[in-house]
Amino acid sequence: MMSVMKEYIRNIEQDIKKRLFENGKIIVLYGPRQVGKTTLAKKILRNYDSEDGYFNCEDQGVVDALLSHRAIVMKAFFGNSKIIVLDEAQTVKNIGRSLKIFIDAYPEMNIVATGSSSFDLANQLNEPLTGRHYEYFLYPISFSEIAKTDGDRVLFENLSARLIYGSYPEILLAKSLDDAKEKLKSLSTSYLYKDVFKFNDIKNPEVLTNILRALAYQVGNEVSMTEIAGLVNIDKNTVASYIRLLEQAFIIYRLPSFARNMRNEIKKGKKFYFYDNGIIAALTDNFSDATTGRDVGGLWENLMIGERLKYNQSHNLYKTLYFWRLKNAGEIDLIEEFDGHIYPFEIKWSKSKAGASGHTFQKEYGTEGVRVINKDNFIEFVK
């Protein structure tokens, strides 16, 4: 009997389905490479008997049809499927104009455009399709999605593995840890930067890798562009520019510093986190047990903040995230601002109480207290 591969149900699937079949609207699905955008899009096509509606925008025929900017040509090429998926849509120049022409002429068409970078896709869609599209972001598989399939117990049992290997779909489905390691090493090579190279004429992957590796070693710490520049031997403005490109390619994201009242607050600080812990392990070539002999704090912080992003999205909570630090004093790992309220969190691997900085923040901003997230109580924080 043929074995059936495990499938993780993605939280945003139902939200996307709710938005389908709205005349004149387009669904845009962003996310890093290899997080399952194509898998999800094809599943939606199967659900509506529209398998023939899948088109890869890296195929020249698809590109030519879209660049014709003629609705009748596009309709003849894409056919009569209930839903059309345009995968890797960011590769098509002026894709926003093409989609506007198509959807204006055939508002009954249901289009899902996916993108593994926001270089051109976001910019080209926002102006021509203002008010005409819904945007979704697909992360690596979340703890809540794992729990729906495997249960909470599996989350606790495999926590150390998630801390190191992350939760890309193919990593969760890997046959062994050695298999997972090889897949992560492959993913963290130039394939990860494919969109950066294509849209910004960057030919040297070594510089990008060195910057990412420096960020990986500093995850959880405030980042200095000047310090990174010294480590990779380029000027700090170039570092800042490259980091912005890596953000647009959904490899890293930043947390700015929270500062409102106090004179000695860090006002222009920033931290960078990776969308998946497995990329950190691959970049640093360190897959050893993080709970023994390694600095587990930064990895745990990266994991929990990433899972919190996924949690907020799945609950349609539009929060703004920060970190907070005083000059020459302690800090708070995560500040969430939502609906006029401020919520502080400290993220610690082991059980411990909030530090003195938490009491200072509570007194200054009138919050109820700092919540400490550790390996024993994280479930309700992320699920």
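Predicted model: local features only at pLDDT ≥ 70, side-chain atom pairs only at ≥ 80, totals over all residues.
Some ground rules. Local features here need pLDDT of at least 70, side-chain atom pairs count only at pLDDT 80 or more, and totals for chains, interfaces and linings use all residues. Residues are numbered from 1 along each chain as its sequence is written, and side-chain values use heavy atoms, with hydrogens and water left out.

Let's start with strand 3, residues 83–87. Helices (H or I, at least four residues) and strands (E, at least two) are DSSP runs, numbered from the N terminus. Five of the five residues in strand 3 are buried. Buried means under 20% relative accessible area, exposed means over 50%, and partly exposed is in between, with a 1.4 Å probe and protein chains only. Which residues cover each face of strand 3? Ile83, Val85 and Asp87 are on one side, with Ile84 and Leu86 on the other.

Now its partners. Two strands pair if DSSP finds at least two bridges between them. Strand 2, residues 54–56, pairs with strand 3 in the parallel sense over three bridges. There, Tyr54 stands opposite Val85. Strand 3 and strand 4 also run parallel, joined by four bridges. Leu86 stands opposite Ala113 in strand 4.

Stay with Asp87 for a moment. This residue lies in strand 3. Its relative accessible area is 2%, so Asp87 counts as buried. What does Asp87 touch, not counting residues up to four places away in sequence? Its contacts are Thr38, Tyr54, Phe55, Asn56, Cys57 and Thr114. Contact means heavy atoms within 4.5 Å. Asp87 and Ala113 are 26 residues apart along the chain, and their C-alpha atoms are separated by 6.0 Å.

Next, Pro107. This proline sits in the loop between helix 5 (95–105) and strand 4 (110–115). Pro107 is partly exposed, at 31% relative accessible area. Leaving aside neighbours within four places in sequence, Pro107 is in contact with Asn23 and Gly24. Pro107 and Ile26 are 81 residues apart in sequence, yet 9.6 Å apart in space, C-alpha to C-alpha.

Strand 10, residues 341–347, pairs with strand 11 in the parallel sense over three bridges. In that pairing, Phe345 stands opposite Arg371.

Now the cores. A nonpolar core is a set of buried Ala, Val, Leu, Ile, Met, Phe, Trp, Tyr and Cys residues joined through side-chain atoms within 4.5 Å. The largest one has 118 residues. Phe78, Tyr193 and Met304 have the most contacts inside this core. Met304 touches Phe143, Ile347, Ile373, Phe378, Phe381 and Val382, not counting residues up to four places away in sequence.

Last topic: rings. The whole structure holds 24 aromatic pairs. Rings of Phe, Tyr and Trp (its six-membered ring) pair if their centres lie within 6.5 Å; planes under 30 degrees apart count as stacked, over 60 as edge-to-face and the rest as tilted. Phe102 and Tyr106 have ring centres 5.9 Å apart and planes at 75°, so this pair is edge-to-face. Both Phe102 and Tyr106 are buried. Phe156 and Phe378 have centres 5.1 Å apart and planes at 55°, so that pair is tilted. Phe156 is in helix 8 (residues 152–157) and Phe378 in the loop between strand 11 and helix 19 (379–382), so the pair ties together parts that are 222 residues apart in sequence. Phe156 is partly exposed at 39% relative accessible area, whereas Phe378 is buried at 0%.

One cluster to look up: Tyr30, Phe137, Tyr139, Phe250, Tyr253, Tyr273 and Tyr275 form one aromatic cluster.
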